[in-house]
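Here is a friendly walk through a few helices and residues. Keep the viewer open while you read.

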Amino acid sequence: MTESLLYFTQQVINGLTVGSTYALIAIGYTMVYGIIGMINFAHGEVYMIGTYLSFIVIAGLTMLGLENLPFILLTALIVSMMVAGAYGFTIERVAYRPVRGSKRLIALISAIGMSIFLQNYMRLAQGPRDIAMPGQIQGGWSWTLDGNLLNLSYMQVIIFVVTVISMWSLHLFISRSRMGRACRACAQDQGMTNLLGIDTNQIIAVTFVIGAALAAVAGFLLGLYYGVVNPMIGFIAGLKAFTAAVLGGIGSLPGAMLGGLILGVTESMTAAYFSTEYKDVVAFSLLVLILLFKPTGILGKPEVEKI
Amino acid sequence: MADTLLVVRDLSMRFGGLLAVNGVSLTVDERQIVSVIGPNGAGKTTVFNCISGFYTPTEGEVVFQGKAMHKLPGHKIAREGMVRTFQNIRLFKEMTVLENLLVAQHMHAERNLLKGLLLTKNFRIKEQELVERAAFWLERVGLLDFANREAGTLAYGQQRRLEIARCMVTQPKLLMLDEPAAGLNPKETAELNALIRELCHQHQVSVLLIEHDMKLVMDISDQIVVINQGAPLATGTPEEIQRNPDVIKAYLGEE
Amino acid sequence: MQPSFMPAAIAAGVTFILGASVMGIRLQPAGISLEVTSAPTHVYLGLIAASLFVFILQYFRLTERFSRLLKSSQESKVELPAFLRTQQQQRLWTMLAIGALLLFPVIGSRGWIDLATLTLIYVMLGLGLNIVVGLAGLLDLGYVGFYAVGAYAYALLNTYFGFGFWEALPIAGALAALFGFLLGFPVLRLRGDYLAIVTLGFGEIIRILLNNWTEITGGPNGISQIPKPTLFGLEFNRRAAEDALGTFHEFFGIKYSPEYKVIFLYLLALILVLITVYVIRRLIRMPIGRAWEALREDEIACRSLGLNPTMIKLSAFTLGASFAGFAGAFFAARQGFINPESFTFIESAIILAIVVLGGMGSQLGVILAAVAMTILPELAREFNEYRMLLFGLIMVLMMIWRPQGLLPMKRPHMELKRG
């Protein structure tokens, strides 16, 4: 009895760990969707770039002989957030802004083109193979109950803490700051916001930068957690995060958080009780099922069609 | 007395907390022109969207030729013979003017895939009929010379007329026009006036109209329904409406 | 417009930082740890050149000028060359082109014929996807899934039930169509973006299933020894199988040559493509094809005219999928061996790039784009490495500057009589 219960608890912990990083990526989808109503297909690629960047910084600083691990990790996090933010900005400027007024299909193809471009750009830059990094943060707590083990690694705790801090900062930014208010106004009515003298282009750019920076946080965390990166990871992670965003209700920030956690736990349960190979299948099937029965997601508002 | 074509009873539409339309009723008889007027934001277009099935009304019923319409999806309502235009013209912009009219006649077309693929005689005859009907209506609205132009390249007034022609080729019973005179110059409005009369009197179509141009409305309407803030204000002939104190108050404000 | 220094300098700086941060520093595994090395000098020189290029673009606002130039060139209609104006001339040239394609095996070497066959498969896939994306305006990112369904349908029907190519071909098409129907039914009611992402997921699911359902599909090892198509029961092998009618060379009393098989496959692919072209050409001029385009233009207007958007989308999606199914069955027959690696997202991306480059809706455009995209990598091997990078770039640039494609669809022209 305790064995199965412990096993279950362990899966919940593992699921929440991965799920909270999905939530971080999902926020980028949901924010962009909320403001310009399109799916940023290249978002998963930004996450992938974020992972590479943090690997580069960590490996570089370690080679320089630095030994202060918190300093190394913090630098890696900040650098990858900033550079990924610049990537997000550039992606919007190059691939999305010129096609913003066009038909939806055109913007979608441009976005998917950008995604393919970035994936292959990284293949050329860093090679197509897996690159592994030795674990930076090892160890954790474990509890024994009737001879069964329950593990909670330090890394998992760090993932929770960093995710919560990021989410909280984002929440404060959106609800308190001037820029955040402008973002919310923009999501409501872009034309009107523009008339009020707010530069909507700037707001959209900020949205992309924030989304990209959060994806880089996720890239940093999952990179440390799994210790592997390759140019293809953005593809699946992007799909998963998008599923999370839709599950929670696209356009809703708490929804993205909730969707990410639910998806993470569902996946880890599938892997634990059914089969690891099919966990991606379950995630996508979940996406189709939500779209089928509740396309607005758990916390999303229904859209009224404008005629 | 002509037969009743469309009956709308106690129509209400609620969006969240907002009651956009509240208990609107109207009837359209055969070969009648009925106008819906009211200040901006009165809920006129919402009434249209409910009647044509784009919204499902929260309450009330829409009965067309004795059949309840308010639970059917939009495309089924159109097939019953009730078609509409849009306030912000919706044409198939990258298709030619003629193609716009061919698409609209899908109910009269030969839709058997095999016949079309093998280009049978039957298919060709049916297609020829569609083209002829399209040509007939293009001539009526003065667009015959533009048949092979892309619809998006037409002038504004021409696009409005094409949208009406596109409705007419479906051979409807009731034509619903949402602000057809918006953005037209006086000459074009006069032409529109004549066209609507012709549709009604020569082609046996009833017309339900939303319009802000009072001269046009008073001139061609048999019945006028006034809506204010979603609620019905008055119904009557143009003369009655012009003399109605409530209407005058709503339009001109309190003395 | 005034040249502006600061924005241009910033753009150039950002370009350099973005490039240098990923390309300038290489991750290098060293034992169990990870090291970084600086990229070779030419990478940095390249980055500097790229930054300068961006600076010049921005400083003189060349992108804006370029797009304005393109806009004005688009307004003056692209005229067909003089020899293609009338219908008879078009028919004549089409006949000549088909004749040349039929005679190609006589002059082409075996390698070229093989490549041409592969190109024809892509033509077929491009034409099929063009129905969905170009005509109906639905972004299908999992098209390769239907291709896989077709290929595995033939391979499995043959392995387990002994079906020949000709019996399996219609089943493969029908099965792919059925998959399209089942997938499209729930999703097509929703907005276009969802369709894109769900089809993307579908393509992946199919691949994962094929990879893991080892008992049936052979997993990553795939299925081999898939027989080639026969000519009315005649095989192209040196010796006929036991239950076969006989072999081609014995029947006609000629010497055995492996070339016959290659030529036969090429001609078969050509016939399949010609049928596809004819069918789609007819569809465009039929009520269903017009409805697809109308749907792409304005879904709300479609509903107001009594067209059922869900059914129209479903028909485009299902028919498009069936062409992928046919192409898949042929692919399996040609290769004789299939595994899930042939059906990755990259394939979907290539097919989409073909449609986008060729001109959405335009058949000739798609055919030319398919030829260019399969032959170019063969001509320049080095190009292969950069192929997908370029495809991605092409998609973005085409959408910005020429969304209708290099050879946009020509609208049908009809003379009307006055009543």
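## A tour of selected helices

Leaving out residues up to four places away in sequence, C:Ala20 touches C:Ile25 and C:Leu47. The model you are looking at is a predicted one. C:Ala20 sits in helix H1 of chain C, and C:Ala20 counts as buried because its relative accessibility is 12%, below the 20% cut-off. In sequence, C:Ala20 and C:Leu47 lie 27 residues apart, while their C-alpha atoms are 7.1 Å apart in space.

**Chain C as a whole**

Let us step back for a moment. Chain C contains 17 helices and 6 strands, and its C-alpha atoms fill a box of roughly 85 × 80 × 50 Å along the principal axes. Of the 419 residues in chain C, 52% are buried. Among contacts in chain C with a separation of 6 or more, 72% are between residues 24 or more positions apart.

**Two helix pairs**

Two packed helices are described by the angle between their axes and the distance between the axes. Here are two pairs to look at.

| Helix pair | Axis angle | Axis distance |
|---|---|---|
| H16(C) (residues 363–379) and H17(C) (residues 383–401) | roughly 150° | within 9 Å |
| H3(A) (residues 69–96) and H1(C) (residues 5–24) | about 125° | 10 Å |

How do the axes of H16(C) and H17(C) cross, at what angle? They cross at roughly 150°, which makes H16(C) roughly antiparallel to H17(C). The crossing of H16(C) with H17(C) is right-handed. On the H16(C) side, the contact is made by C:Met373, C:Leu376 and C:Pro377, and on the H17(C) side by C:Phe383, C:Asn384, C:Arg387, C:Phe391 and C:Ile394. Sorted by class, this contact has 6 nonpolar, 1 polar and 1 charged residues.

The second pair joins helices from chain A and chain C. With an angle of about 125° between them, H3(A) and H1(C) are therefore oblique to each other. H3(A) and H1(C) make a left-handed crossing. From H3(A) come A:Val83, A:Ala86, A:Tyr87 and A:Thr90, and these meet C:Val14, C:Leu18, C:Gly19, C:Ser21 and C:Val22 of H1(C). This contact has 6 nonpolar and 3 polar residues, and no charged residues.

**Two covered helices**

Next, take H15(C), which covers residues 345–358. From its first C-alpha to its last, this 14-residue helix reaches 20 Å, close to the 20 Å expected at 1.5 Å a residue. In H15(C), 13 of the 14 residues are buried, so the helix is mostly covered. After H15(C) comes C:Gly359, with a positive phi near 115°.

Over in chain A, helix H9 runs through residues 233–248. The 16 residues of H9(A) should span 22 Å at 1.5 Å a residue, and the end C-alpha atoms are 23 Å apart, which agrees. H9(A) is largely enclosed by the rest of the structure, because 14 of its 16 residues are buried. Just after H9(A), the phi of A:Gly249 is positive, about 110°.

**A buried arginine**

Is C:Arg207 buried or exposed? C:Arg207 is buried, because its relative accessible area is 18% and the cut-off is 20%. C:Arg207 belongs to helix H8 (residues 192–212) of chain C. Setting aside neighbours within four places in sequence, C:Arg207 contacts C:Pro340, C:Glu341, C:Phe343 and C:Thr344.

Note on methods
Residues numbered from 1 in each chain as written. Chains lettered and ligands numbered in written order. Predicted model: local features only at pLDDT ≥ 70, side-chain atom pairs only at ≥ 80, totals over all residues. Heavy atoms only, no water. Helix = DSSP H or I, 4+ residues; strand = E, 2+ residues; numbered from the N terminus. Expected span 1.5 Å × (residues − 1). Buried < 20%, exposed > 50% of the residue type's maximum accessible area, 1.4 Å probe, protein only. Axes fitted to C-alpha atoms, helices over the stretch in contact; angles between N-to-C directions. Parallel < 35°, antiparallel > 145°, perpendicular 65-115°, else oblique. Left-handed = near helix turned anticlockwise from the far one by under 90°. Contact = heavy atoms within 4.5 Å. Nonpolar A, V, L, I, M, F, W, Y, C, P; charged D, E, K, R; others polar.
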